[in-house]
Amino acid sequence: MDSLTQAALGAGIAGALAPAEQRRKAMLAGALLGTLPDLDVLIDYGDDVANFTKHRGFSHSLLVLSPLSVFMWFALRRWWAPVRAAPRRWLAIVTLVLLTHPLLDAHTAYGTQLLWPLDMPPAKWATIFIIDPAYTLPILLAVIFALVWPLATRSSQVLTASLVLSTLYLGWTWAAQSHVRAKAEDALANSGLADAPLFVTPTPFNTILWRVVAMTDEGYLEGFDSLLLDEPRMTFTPYDSNTNALSGAMSVPAVERLDWFAGGFIRAEVVDDTLLIADLRMGQEPVYVFTHAVA
């Protein structure tokens with residue numbers, strides 16, 4: 001998710017759990033902790049493909065952040081009086097803020113390596129767009145309320161309610177995605193493509209209009225489904241991919257890495273003797289956010 005959302009989530013969790021007299025300090029600390037994992041964007045791994053596929057790696061791993069949260073809590077308890085005054089609450093704050101960051105990121109299409117360094121594909125549940133006001137605004141408004149009235153009993157209640165509401169919204173995204181996937185599978189089965197790999201993700205800033213990508217032997221299909229329209233069957237538009245070039249270049253490390261990272265949802269085309277690989281999960285025809293020259 002975007003940095004504003006992660007900072008607001010961290011601040012909201014900290015503000016809801018901290019003692020009232022510490023609420024403002026806790027919310028500032030929560031906002032900083034909520035953005036900490038994304039500082040890995042400052043690391044240069046050597047080339048564009050490595051930078052693209054190693055983002056949300058070690059810094060987003062639950063296997064790294066779990067012990068790190070305990071270490072940070074010990075350090076804060078030693079050096080910062082508010083943590084010594086309420087150690088159990090602060091252990092919960094530090095742990096929850098750090099762990100909710102990658103778990104929320106895993107709900108987007110990009111991919112989050114939750115179990116790094118284990119050799120497992122990134123989690124890319126793709127139930128929510130990277131920026132979704134319906135998720136962020138309740139938490140952000142609650143955070144502003146608590147900053148203005150930090151000592152009010154209602155501040156903790158408002159923060160807790162906003163976190164519950166946004167979590168319920170995440171649950172809605174799973175239900176909506178499941179509904180769209182079922183319609184896509186029915187349409188593909190009717191076309192003799194029951195086994196086609198599917199990727200279902202919302203279009204920008206909402207969870208009403210959804211985009212579906214299905215891989216085929218010749219390329220891929222793209223379709224859209226609106227939850228506001230009762231269409232009899234989802235329709236797809238076919239697009240070609242240079243599958244021969246892709247197959248021939250699969251031994252190239254950059255191609256292999258991109259294929260792994262995207263779960264096979266990539267498009268290959270040759271332009272001026274250069275093989276271009278586009279990640280089909282982010283963007284839509286004819287523009288994709290991430291395209292790499294690999295060979």
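How much accessible surface does the protein chain have, and what share of it belongs to carbon and sulfur atoms? In this predicted model, the surface comes to about 14400 Å², and 64% of that belongs to carbon and sulfur. The chain has 295 residues, with 47% of them counting as buried. Its C-alpha atoms fill a box of roughly 65 × 45 × 30 Å along the principal axes.

Now for a pair of helices. Two packed helices are described by the angle between their axes and the distance between the axes. Here, α2 (residues 23–35) packs against α6 (residues 87–105) at about 35 degrees, with the axes 9 Å apart. The contact is made by Ala26, Ala29, Gly30, Leu33 and Gly34 from α2, together with Trp90, Val94, Val97, Leu98 and His101 from α6. The crossing is right-handed.

Most residues other than glycine have a negative phi, and most peptide bonds are trans. Yet Ala126 has a positive phi of about 55 degrees; this residue is in the loop between α6 and α7 and is buried, at 1% relative accessibility. Asp273, between β5 and β6, also has a positive phi, about 65 degrees, but Asp273 is exposed at 76%.

Then come the cis bonds. One joins Trp116 and Pro117, with omega about 15 degrees, and Pro117 lies in the loop between α6 and α7. Another runs from Glu285 to Pro286, with omega near 0 degrees; Pro286 is in the loop between β7 and β8.

Key:
Residues numbered from 1 in each chain as written. Predicted model: local features only at pLDDT ≥ 70, side-chain atom pairs only at ≥ 80, totals over all residues. Heavy atoms only, no water. Buried < 20%, exposed > 50% of the residue type's maximum accessible area, 1.4 Å probe, protein only. Areas by Shrake-Rupley, 256 points an atom, 1.4 Å probe, with all protein chains shown as cover. Axes fitted to C-alpha atoms, helices over the stretch in contact; angles between N-to-C directions. Helix = DSSP H or I, 4+ residues; strand = E, 2+ residues; numbered from the N terminus. Left-handed = near helix turned anticlockwise from the far one by under 90°. Contact = heavy atoms within 4.5 Å.
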